[in-house]
Protein chains: 2
Amino acid sequence: MATISNLQRARAAYQPKLPKALQGPVKAVEGAATQSVGNQDEIKALFPNTYGMPVVEFAAGEAKEVPQFNVGIILSGGQAPGGHNVISGLYDGVKSLNRENKLYGFLMGPGGLVDHKYIEFTDELIDSYRNTGGFDIIGSGRTKLEKTEQFEKGIEILRELGIKALVIIGGDDSNTNACVLAEYYAAKKYGVQVIGCPKTIDGDLKNAQIETSFGFDTACKTYSELIGNIERDCNSARKYWHFIKLMGRSASHIALECALQTQPNICLISEEVEAKAQSLDDIVNYIAGVVAERASRGLNFGTVLVPEGLIEFVPAIKKLIAELNEVLTDPATGESRVFASAEEQITFVKSSILPENLAVLESLPADVARQLCLDRDPHGNVQVSLIETEKLLSKMVASRLAAWKKEGKYAGKFSAQHHFFGYEGRCAAPSNYDADYCYSLGFNASRLIANGKTGYMSVIRNTTAPASEWIAGGVPITMMMNMERRNGAMKPVIRKALVELDGAPFKYFASKRDEWARETAYVYPGPIQYWGPSEVCDQTTKTLQLEHE
Amino acid sequence: MATISNLQRARAAYQPKLPKALQGPVKAVEGAATQSVGNQDEIKALFPNTYGMPVVEFAAGEAKEVPQFNVGIILSGGQAPGGHNVISGLYDGVKSLNRENKLYGFLMGPGGLVDHKYIEFTDELIDSYRNTGGFDIIGSGRTKLEKTEQFEKGIEILRELGIKALVIIGGDDSNTNACVLAEYYAAKKYGVQVIGCPKTIDGDLKNAQIETSFGFDTACKTYSELIGNIERDCNSARKYWHFIKLMGRSASHIALECALQTQPNICLISEEVEAKAQSLDDIVNYIAGVVAERASRGLNFGTVLVPEGLIEFVPAIKKLIAELNEVLTDPATGESRVFASAEEQITFVKSSILPENLAVLESLPADVARQLCLDRDPHGNVQVSLIETEKLLSKMVASRLAAWKKEGKYAGKFSAQHHFFGYEGRCAAPSNYDADYCYSLGFNASRLIANGKTGYMSVIRNTTAPASEWIAGGVPITMMMNMERRNGAMKPVIRKALVELDGAPFKYFASKRDEWARETAYVYPGPIQYWGPSEVCDQTTKTLQLEHE
């Protein structure tokens, strides 16, 4: 018998809330035909069977008998809090329609479908994972479902198990692929429906139809707990600048949400850096300026939030990296060039790149420049994710301040600590919000399946209201698509949602940040609470609140 | 008006629990005369006025009028959750004796006493810090109170403010200094009492009289939340080994407690490494062995906890560092030697140290060896704390596994992620345990003061029982002392409590670790809860539970 924590045991008893419409029999209310957000003609041509379908909203309906059916589920990509609740919601939903219905889980991501690795869920298994974090119930993986052979291997096992519908839990790419799969099975008349579920802590899968991706709420609250603790330490010891890098891939949603929750002195937003075409020098000047201003009032401490993707949004660095990738590839073979030594490789790079890119390279701290010239991923590309941006920035700020000190413009002390938060929050136990939201998404998917839908994303809206008032339904995935260049070819994809500089969350942040830079206006959110006052346990993210105001 | 989080607002209303004896008027029940734990003659000679005093326990007494008095408080050293509760407990305790009593806080640590920087606490100020983390109410600092001039500067302001007693919240060193100060003021008949309070997240201030230092509970629970989240991620993605370094200075109490809470595959214990005279090579072999065994069953993932102080407990590294410190100091001046270049310094080091130490140096990864030869602290010593032990170990394990792969002894995949947790937990909002314990320690200090005690530590015992059954009293600080060599001279100090290899917590861990290494037996404690079932909110540390069983 496995040891489980007291919290996990107590939390297993939590019954997630459902929208009112899903609490009894439903009927699907269909809207008008839909269009994709861009490139309508191309998307329509690529998805003749799943394009233009109506948005669906569930309302109370009449009970009717549903023939027995089986469902499969896949967890795709990085972990996000609430995945197990999507599964338990789907399980309960499927079983509520017909106790004989079965739910299968494919193991370790989309690869499990292709390789025919699966389990059948039982009451006992589901019960031991209710309201828990992680994807460990069936595991996840990053295999991309995009090839006909994979689809054909998939249909073999789907038929063998009598699976009528497949639910794919994933981010923008996985949901794009879910739609391609839905289209393929529809075109082939294989009779298998495909439903997507919006998952990612990064918060970049959202649009007019999807309010938020699941896991964003819990991950941001977990990071904010830690940032708040560090801020309190910072404000007690009054001697360090803490540079905190936060996961989130390209988008800065996590950094922005954490800033709204904790009010640090500085939060960089990659999308703004790009929009303003800022250089690394501009960013360093900005941070050093805040440090110097605070130091002039005896405040030699502060907190800086840095989004993971920052470095790639600095146009000059982006160009440098592009050229590095180019010169380090042998045009004859398309493979990475091979050098006798690291020093030879660095000399080659420096003599090969454009003077403007060389200048950028040489403006970087020596070890970072070295790393950029040397470390490659298996595809021969510069490993941008290995760059410790938080350390890079603090080093450059320290140099800038040293220069200012010589000029008599700065007389403070600067000492930095570094942190990177990502894995700490991806598998946290879901907040009440994510527990309810995910359970509803899963339960709702069972209703989309029972109503014969395919190529739809399970959607729950109005989530800043109490759960009973949430709106449940489905949106055709094609509606969220446009054409974008990927690996040199135009592909239909769900548009990734970056931080909008004219959106309410960023605008609120921008209106406050000078005050937060100057003052010590830290807020300490503390750990996620599951019991206790509702204003502590049931708040949505600040991002959602501001977007709905 | 400062923004405060909903949790902080709701938590402010929490009324910490007190031991039954402190809920009304008390009387001090005194035991027999005490002895120091070692070097009785020397300690007695050094502390003629504060040696041999009896242990005090409070029992219900009769209400009597207490003349008005004022108290000062100092936060010394690193932050620990619950400091504000010690202050609010002391404030409430002092005010309950006489509403006219005043409590003063000296700012930014012991330096505030010497520099005469202080504030007077008010109801409003105290109320806004109840049950919060951090030391920001008055700040903390690392100035050591050990010189006569400091004591004399201190008495000036203490007299000016009419302060009858000073409470010093700190770790072993600060409490040692509190006792020296108590002795000095007693010898001089200055009429100022000094009371200590046992603080440190590291858990190394404990002994037969002190069950635990405050903050250890909350810090360990916060780190365990994060470790559990990482373990869940690890077990979901099944592709990384996570190396997690944990604060705690020399002692491995934090690592051990977190291991007991989360059941990782590996937890290193510095005290065991030293006792077994293990080499870095032994440690690397142990970790690589566990990795290889799991890999042979397809489990290419795991979690390793590394105590902060590990590297200094490896005898061979300890010797190397000692020799590096020696050869890099110029014997003529006692200052650090100066070199023309880094390369020259490295060459000098390599040609100067003993062959056995050179062999150890050369067994380290190149960048770590380089750092050891080059980076010095302001006193010219090797900066051991800068060594990223978690990365050092994972690099060496990777090399070992690569060698084993060539020998056909290993066929898995090894990919590592690194984490270091410290600042994330030092200022967390106190758990119910720490909130109650700290409030009781502070309240209890007011009773020690009212009873005329000096040179005592405020002590609350029996804390695995419900708070009402806790035992409150005081222990002479001299009782915890012995003589130890510090900076080349014998000094009276409180003996630092390292992990005892024959203690119940370590023995339980040792009995389980092989199973935890092999199986994936992770436990996910989740975030600290303040409301909800008692078994979730009110548990003590596993260390305390095992010690009391």
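In the predicted model, strand 3 (residues 70–75) of chain B runs parallel to strand 6 of chain B, and six bridges join the two. Strands pair in this report if DSSP finds at least two bridges between them. Helices (H or I, at least four residues) and strands (E, at least two) are DSSP runs, numbered from the N terminus.

The model is predicted, so local features need pLDDT of at least 70 and side-chain atom pairs count only at pLDDT 80 or more, while totals for chains, interfaces and linings use all residues. Residues are numbered from 1 along each chain as its sequence is written, chains are lettered from A and ligands numbered from 1 in the order in which they are written, and side-chain values use heavy atoms, with hydrogens and water left out.

## The sheet of chain B

Within strand 6 of chain B, B:Ile168 is the bridge partner of B:Ile74. Strand 6 of chain B is also joined by six bridges to strand 7 (residues 193–198) of chain B, again in parallel. There, B:Ile169 has B:Cys197 of strand 7 of chain B as its bridge partner. Strand 6 (residues 163–170) of chain B is mostly covered, with seven of its eight residues buried. Buried means under 20% relative accessible area, exposed over 50%, and partly exposed in between (1.4 Å probe, protein chains only).

Strand 6, helix 7 (residues 172–187) and strand 7 of chain B make a right-handed β-α-β unit. A crossover is right-handed if, with the strands pointing away from the viewer, the path from the first strand over the helix to the second runs clockwise.

Strands of a sheet pair through backbone hydrogen bonds, either parallel or antiparallel. In chain B, nine strands form an open sheet in the order 1-2-13-12-7-6-3-4-5, and the pairing is mixed. Strand 1 (26–30) and strand 5 (118–120) of chain B are the edge strands, each pairing on one side only. From one strand to the next, the twist averages 30 degrees. Angles run from 0 to 180 degrees between N-to-C directions, and axes are lines fitted to C-alpha atoms, for helices over the stretch in contact.

An antiparallel pair in chain B is strand 2 (residues 56–60) with strand 13 (residues 471–476), over two bridges. B:Val56 has B:Gly474 of strand 13 of chain B as its bridge partner. Helix 19 of chain B packs on the sheet and touches strands 1, 2, 3, 6, 7, 12 (456–461) and 13 of chain B. Its direction makes about 135 degrees with that of strand 12 of chain B. Contact means heavy atoms within 4.5 Å.

## The sheet of chain A

In chain A, four strands form an open sheet in the order 9-10-8-11, with parallel pairing. The edge strands of chain A are strand 9 (266–267) and strand 11 (416–421), each of which pairs on one side only. Strand 9 of chain A pairs with strand 10 (residues 302–307) of chain A in the parallel sense over two bridges. A:Cys267 stands opposite A:Leu305 in strand 10 of chain A. Helix 11 (residues 280–295) of chain A packs on this sheet, touching strand 8 (241–246), strand 9 and strand 10 of chain A.

## Helix pairs

Two packed helices are described by the angle between their axes and the distance between the axes. The table gives these values.

| Helices | Angle | Axis distance |
|---|---|---|
| Helix 9 (residues 253–262) and helix 20 (residues 504–518) of chain B | about 55 degrees | 10 Å |
| Helix 3 (residues 83–97) and helix 19 (residues 432–450) of chain B | about 40 degrees | 7 Å |
| Helix 8 (residues 216–237) of chain A and helix 8 (residues 216–237) of chain B | roughly 145 degrees | within 12 Å |

Helix 9 and helix 20 of chain B are therefore oblique to each other. Angles under 35 degrees count as roughly parallel, over 145 as roughly antiparallel, 65 to 115 as roughly perpendicular and the rest as oblique. Helix 3 and helix 19 of chain B are oblique as well.

The crossing of helix 3 and helix 19 of chain B is right-handed. A crossing is left-handed if the near helix is turned anticlockwise from the far one by less than a right angle, and right-handed if clockwise. The crossing of helix 8 of chain A and helix 8 of chain B is left-handed. Residues making this contact include A:Leu226 of helix 8 of chain A and B:Leu226 of helix 8 of chain B.

## A loop residue

B:Ile353 lies in the loop between helix 14 (342–352) and helix 15 (355–363) of chain B. B:Ile353 is buried, with a relative accessible area of 7%. Its C-alpha atom and that of B:Leu324, 29 residues apart along the chain, are separated by 7.4 Å.
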